Amino acid sequence: MPRTLDPATRGALAERMRFYRDLGLTEFYRRPADPALLNGQSEDAAASEAAPGASTANSGEHQAAPSQAPAAPEAAALAIQPNFFGEESAIRSRKGFQAPPQITPAVPPAERAAALKLIRDEIGDCTRCALHTGRHSIVFGEGDSAARLMFVGEGPGADEDAQGLPFVGRAGQLLNNMIAAMGLKREECYIANVVKCRPPGNRTPDPEEAHTCSPFLFRQIDVVRPQVLVALGATAATYLLGARQPLAALRGRVHAFRGMSLIVTYHPAFLLRDPRQKKEAWADLQIAMKELGLRLPGRG
Ligand code: URA
């Protein structure tokens, strides 16, 4: 007797299958289980093989840095030297720059929701930067206060501003599919942005705005203390890592960040504009899955 699925489960499965299909994953098979694959060198090789072919140049509000073919290891090593692009000091010397706050002591999981509420209360009806003049809501962030996986985007768009929640528009739907493809639920993750108020016309937040708001983000990160943090797009990567570099130099590997693993990938809004890059984003998410010890699809 075939098992029937309820409509909600069927819908969720269909969404996930659509995302896999977009990634070019159409065949599923099981290999004999090999735990070494989850942690071993061979998986590193597989992740980098699956990662980038040449990317087209991209532009747009969420993708300040140009996409490039993957850097050869030596090139990548060069690219991550501070000031290689002469930009780290530019970011640090912009008006409003504050050094990221000291890492705060770990909060016990049961107290994290309350600790996040204290940060939200401190933000109050914020007027610290010019973004407050055009906002409808402060989009603080949402999700499991003790999540193992956290996503950081750029800033709220119109839907997020209207609902007061991060990633609830079209980009949010794609993010939900990305999370589902990882075998997780959105509510198991924590999601926040570099700035908490919508920049007019969805422009990239300027450095003063980002530097004014990001200390709250750093404190949220320290409270949630996820095992893995995923920076969605160039703005998140820039303000988390404290240096502007091409996304190609930052993707495809694990960065040590405040005692956590940080992975950089494309912003979902960029992926909506250029779906061909979804395969590369999937390779990044698989690195995150490996860090979390999650089973990779098709790997038994
Ligand atoms: N884009 C972002 O960077 N964040 C959101 O919350 C929504 C869209």
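This is a predicted model: local features need pLDDT of at least 70, side-chain atom pairs count only at pLDDT 80 or more; totals for chains, interfaces and linings use all residues.
# Notebook: salt bridges, a ligand shell and some buried spots

I began with Asp-274 and Arg-276, whose side chains meet in a salt bridge at 3.1 Å, N to O. For the record, a salt bridge here is a side-chain nitrogen of Lys or Arg within 4 Å of a carboxyl oxygen of Asp or Glu. Are the two partners buried or exposed? Asp-274 is buried, with a relative accessible area of 7%, whereas Arg-276 is exposed at 58%. My cut-offs are under 20% relative accessible area for buried, over 50% for exposed and partly exposed in between, with a 1.4 Å probe and protein chains only. I also noted a network in which salt bridges that share partners join Arg-251, Glu-280 and Asp-284.

Residues are numbered from 1 along each chain as its sequence is written, and side-chain values use heavy atoms, with hydrogens and water left out.

**More salt bridges**

How many salt bridges does the rule give? I get nine. Side chains of opposite charge can pair when their charged atoms come close.

Next I looked up Arg-219 and Glu-122, which form a salt bridge with their closest N and O atoms 2.8 Å apart. This pair links distant parts of the chain: Arg-219 sits in helix α9 (residues 207-224) and Glu-122 in helix α6 (residues 112-123), 97 residues apart. Helices (H or I, at least four residues) and strands (E, at least two) are DSSP runs, numbered from the N terminus. Arg-219 counts as partly exposed at 24% relative accessibility, and Glu-122 counts as partly exposed at 42%.

Glu-209 and Arg-203 make another salt bridge, at 2.7 Å from N to O. Here Glu-209 is buried, with a relative accessible area of 4%, while Arg-203 is partly exposed at 32%.

**Around the ligand**

Which residues come nearest to the ligand? Of the nine residues around it, I listed Glu-154, Gly-155, Phe-167, Asn-193 and His-267 as the nearest; a residue is near if one of its heavy atoms lies within 4 Å. The shell divides into two nonpolar, five polar and two charged residues. In this scheme Ala, Val, Leu, Ile, Met, Phe, Trp, Tyr, Cys and Pro count as nonpolar, Asp, Glu, Lys and Arg as charged, and the others, Gly among them, as polar.

I then went through some atom pairs. A polar backbone atom of Glu-154 is 2.7 Å from an oxygen atom of the ligand. For Gly-155, a polar backbone atom is 3.0 Å from a ligand nitrogen. In the side chain of His-267, an N or O atom is 2.8 Å from an oxygen atom of the ligand. On its own the ligand has 240 Å² of accessible area, and the protein covers 96% of that. Accessible areas come from the Shrake-Rupley method with a 1.4 Å probe; for residues, only the protein chains shown count as cover.

Where does Arg-135 lie? I found Arg-135 in the loop between α6 and β1 (142-143). Arg-135 is buried, with a relative accessible area of 16%. Leaving aside neighbours within four places in sequence, I see Arg-135 in contact (heavy atoms within 4.5 Å) with Asp-125, Cys-126, Asp-161 and Cys-197. A polar atom of its side chain lies 2.8 Å from the backbone oxygen of Cys-126. I also checked Arg-198, 63 residues from Arg-135 along the chain, and their C-alpha atoms are separated by 5.8 Å.

His-211 is found in helix α9 and counts as buried at 4% relative accessibility.

**Helix α10 and the totals**

Helix α10 (residues 234-241) is mostly covered, with seven of its eight residues buried. Among the buried ones I wrote down Thr-235, Thr-238, Tyr-239 and Leu-240. Gly-242 follows α10 and has a positive phi, near 80 degrees.

To close the page, I took the totals. The protein has 13 helices and six strands. Of its 300 residues, 48% count as buried. Its accessible surface comes to about 14,300 Å², and 54% of that belongs to carbon and sulfur atoms. Among contacts with a separation of 6 or more, residues 24 or more positions apart account for 74%.

Note on methods
A polar contact is a pair of N or O atoms within 3.5 Å; within protein, one must be able to donate a hydrogen and the other to accept it, and residues adjacent in sequence count only if both atoms are side-chain atoms.
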